[in-house]
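Walk me through the aromatic rings of this model, and then through its nonpolar surface.

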Amino acid sequence: MKKLVCVVALLAVSACAAQPPPPQPEFRTVATVKDIMDSMIDTNADVPWASVATIIDAKGVEYKQPRTDAEWAEVKRSAVQIAESTNLLLVPGRHVAKPGEQAADPTVELAPEEIERLINSDPASWITLAHGLHDEAAAALQAIEVKDAKALMSAGENLDIACENCHLKYWYPNDPQVGQR
């Protein structure tokens, strides 16, 4: 009887081991990194950055922040899109720009081919920087969830730093004005 139990157990283990792994999704990219930056990350980053501010003018001091549920929901939608866009940046095979596309300002920015070469030569840094942006967007989401304007302002500043860290490494690493920003 023990032999039969052992044989059945071995057959069960063998059957499990013989199962092929589940199919992996095939990513079908349409947008470039530049497209994702222009249409998703840049436009959505403006929302949390502009949502909290201290404005001092001739009329006095105004503290700007989301106040209604609808205003908080708008900021949340943007933060979610930023966070999830960072995953899109990491999809294998995504190019930095379309073939022949030029840098917006070639006197400051590297050519898209050079940026892509830098990314491909050190993918661990690219992943780390994308995850850094994701983490800052997640911090913004936490602040939004509890409707903490001060924490949202801090998260917005950290989003800016995460963006700048990536740009300094890939887009304009040789910009002489970097120290002046």
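Rings of Phe, Tyr and Trp, the last by its six-membered ring, pair if their centres lie within 6.5 Å. Planes over 60 degrees apart make a pair edge-to-face. The model examined here is predicted.

By this rule there are 2 aromatic pairs. One joins Trp126 and Tyr170. Their ring centres are 5.4 Å apart and their planes meet at 80 degrees, so this pair is edge-to-face. Where do the two residues sit? Trp126 belongs to helix H5, residues 123-145. Tyr170 belongs to helix H6, residues 149-171. The pair therefore ties together parts that are 44 residues apart in sequence.

Tyr170 also pairs with Trp171. Here the centres are 6.4 Å apart and the planes stand at 90 degrees, again edge-to-face.

For Tyr170 the relative accessible area is 1%. Trp171 has a relative accessible area of 14%, and because buried means under 20%, Trp171 is buried too.

Which residues make the nonpolar surface patch? Ile56, Val61 and Tyr63 do, and the patch covers about 360 Å². Val61 lies in strand S2, which spans residues 60-64.

Definitions and conventions. Residues are numbered from 1 along each chain as its sequence is written. This is a predicted model: local features need pLDDT of at least 70, side-chain atom pairs count only at pLDDT 80 or more; totals for chains, interfaces and linings use all residues. Side-chain values use heavy atoms; hydrogens and water are left out. Patches are made of residues with over 30% relative accessible area and no salt bridge: like charges are joined within 9 Å, nonpolar side chains (Val, Leu, Ile, Met, Phe, Trp, Tyr) within 5 Å. Accessible areas come from the Shrake-Rupley method with a 1.4 Å probe; for residues, only the protein chains shown count as cover. A salt bridge is a side-chain nitrogen of Lys or Arg within 4 Å of a carboxyl oxygen of Asp or Glu. Helices (H or I, at least four residues) and strands (E, at least two) are DSSP runs, numbered from the N terminus. Rings of Phe, Tyr and Trp (its six-membered ring) pair if their centres lie within 6.5 Å; planes under 30 degrees apart count as stacked, over 60 as edge-to-face and the rest as tilted. Buried means under 20% relative accessible area, exposed over 50%, partly exposed in between (1.4 Å probe, protein chains only).
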